[in-house]
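My plan was to look up the fold first, then the contacts.

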Amino acid sequence: MSKSSSLKLLTRFNNNADLLGLIFMLPAASILLVFLTYPLGLGLWLGLTDTKIGRPGVFIGLANYESLFHDSVFWLSVYNTIGYTAVASVFKFILGLLLALLLNQNIALKSFMRAILLLPWIVPTTLSAIAFWWMYDSQFSIISWILIKAGIIDSYIDFLGNGWNARFSVVAANIWRGIPFVAISLLAGLQTISPALYEAATIDGATRWQSFRHITYPLLTPIIAIVMTFSVLFTFTDFQLIYVITRGGPVNATHLMATLSFQRAIPGGQLAEGAAIAMAMVPFLVAAILISFFGLQRRAWQQGSKD
Amino acid sequence: MAKDLKMDAPAETPYSEGGMDYLLTRQRKFVTVYLPLAAFTFILLFPFYWMTITTFKSNDDIYDYERNSPFWVWNPTLHNIKKLLFETSYPEWLWNTLLVSVTSTFISLFASVLAAYAVERLRFKGSRWVGLSIFGAYLVPPSILFIPLATMVYKLGLFDSRWALILTYPTFLIPFCTWLLMGYFKSIPFELEECALIDGATRMQILLKIVLPLAVPGLISAGIFAFTLSWNEFIYALTFVSSSENKTIPVGVLTELVDGDVYHWGSLMAGALFGSLPVAVLYSFFVEYYVAGMTGAIKE
């Protein structure tokens, strides 16, 4: 009797979705709450204190943000981050889409091409950034050497010694790293478009551009929106490339908010100030996500999807 | 190998490509397709080529482009590799990276399978909300978390230990894996589970004996992706670890091979090459899973 009732209890327990759901969620939820949600709050709090490495701080209100507001290096990093993200994202999108369209053609060794072109995205960014650092060397840059041999320039380019050169150099490295991700994701979207649509359009006399503009692009927009949201998000919070190639130099010209935050917090010891800079990125990120979210919703509604 | 595995969710039926290829002449195709493609391939792969040949060059050749063409290794040497393997802590970094990546991947997979199943199939109260917040967690970038995490790691006494990395990597792995696995679980028919429920199987049995075997491609995708993400992680490893014997490869190569203002490009490139090779080899075996993982996480 008692055995069967306990068995019943076990069965009920096993099939109670709410209770079981709670238990199943436990490992993931506890890790994420302790190491993600709590630090997020802690970061917000740290930004409101004067904590330094090795010295607990006290609440000082918005003083950190106030001093950042008058800090020209901070504003430089904000402009750099926005410019870096905007330029790199536009190029990643255009070149990525172009590469996706090329890979969607009937070409030889298609899957092999797709595999090797994804390499820049698979390999540790830090390590490929070191390769770029070497290619940007002021005396032994292979890029300069090729351009000189081709007769395009006369002297070695000082890639990382001059503010604007350094900016373009890191943006180029970022684009290089981001193209494969955009291209392969968009390729997956392209492959779901029925060729019948193109055939019909061609019979109706559409040019290649018209086919692209009125078939490919509209059908691809949902995926473009998601891919570009991710791309913008990761570019905006980029740290590795800059840290490896320029460390924010020359004279802060390439500092992004993430690298400045690291610079002030860890080597500089000003944990609170670093946390405040990191928190200052949040409004931008939220704006980027909301724009894409509402953009997506509108399209889902246009396509008659309920969810 | 991976062709018959049904990598993708239902809506995905790749159409035969190049349906209207006959409208292109061979010359035109060469100019509009193969030429641009060759340019992309050259630019995307050149840094790896340069990395590889610099590794095998002697110092004389690294700094002299005029005597021999710089695009080939004329006097190959293993000097840089020997230096990397025997005069630096590279073997220790490799071991650390492997240990940290494998452990955090398994922790994350375990937590993610349970969470994804709960959200996607148990449909408990608020499961939709939980699913959305997991996606939200995926959007929280490490560069705004590393400072508070550093103070936590320090207070917990984990600073400069592998545990600091093993415990923090799941913060970006779990959201990613859960999101990916939710997509896979969604594609498994409900009817299978209903049959099992009628036959008296418990939820745990259903998960272990029906859902997981059917989601193996998804598990592999999530697993190798998580492994790669941990292998490539940089900012946490840079912040939470300071002594050479606990560093991971990306941090070790960057911080220990650069001494002062003298850059030993040969050994730096050897470090970059040997840090990239393990993921590149893994990738070459599982290309289809990587693509499925990447596009799967995007499409949801």
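This is a predicted model: local features need pLDDT of at least 70, side-chain atom pairs count only at pLDDT 80 or more; totals for chains, interfaces and linings use all residues.

My entries follow in the order in which I looked things up.

Entry 1: I looked up the secondary structure of chain A and found 14 helices and zero strands. Read along the sequence, the pattern is therefore α repeated from end to end, α-α-α-α-α-α-α-α-α-α-α-α-α-α. Next I checked the dimensions. The C-alpha atoms of chain A fill a box of roughly 95 × 70 × 35 Å along the principal axes. I then took the radius of gyration of chain A, which is 25 Å. For a compact globule of 307 residues I would expect a value near 19 Å.

**Entry 2: chain A against chain B.** How many residues of each chain are in contact? I found 80 from chain A and 82 from chain B. On the chain A side, helix α2 (residues 17-46) gives the largest share, 18 residues. I also sorted the chain A side by residue class. I got 59 nonpolar, 19 polar and two charged residues.

Entry 3: I picked α7 (residues 125-135) of chain A and α14 (residues 265-285) of chain B. Their axes come within 9 Å and cross at roughly 150°. Angles over 145 degrees count as roughly antiparallel, so α7(A) and α14(B) are roughly antiparallel to each other. I recorded the crossing of α7(A) and α14(B) as left-handed.

Which residues meet here? From α7(A) I listed A:Leu127, A:Ile130, A:Ala131 and A:Trp134. From α14(B) I listed B:Trp265, B:Leu268, B:Met269, B:Ala272, B:Gly275 and B:Ser276. The residues of this contact divide into eight nonpolar, two polar and no charged.

**Entry 4: domains of chain B.** I turned to the domain assignment of chain B. Domain 1 of chain B spans 21-77 and domain 2 of chain B spans 89-299. The C-alpha centres of the two domains lie 33 Å apart. Their contact takes seven residues from domain 1 of chain B and six from domain 2 of chain B.

I then asked which helices supply the domain 1 side. In chain B, α1 (26-55) and α2 (59-62) each supply at least two residues. α1(B) gives the most, with four residues. By class, the domain 1 side of this contact divides into two nonpolar, four polar and one charged.

Notes:
Residues are numbered from 1 along each chain as its sequence is written. Chains are lettered from A and ligands numbered from 1 in the order in which they are written. Domain bounds come from an automatic or database domain assignment. Two residues are in contact if their C-beta atoms, placed from the backbone, lie within 7 Å. Ala, Val, Leu, Ile, Met, Phe, Trp, Tyr, Cys and Pro count as nonpolar, Asp, Glu, Lys and Arg as charged, and the others, Gly among them, as polar. Axes are lines fitted to C-alpha atoms, for helices over the stretch in contact, and angles run from 0 to 180 degrees between N-to-C directions. Angles under 35 degrees count as roughly parallel, over 145 as roughly antiparallel, 65 to 115 as roughly perpendicular and the rest as oblique. A crossing is left-handed if the near helix is turned anticlockwise from the far one by less than a right angle, and right-handed if clockwise. The radius of gyration is taken over C-alpha atoms; the globule rule is 2.2 Å times the number of residues to the power 0.38.
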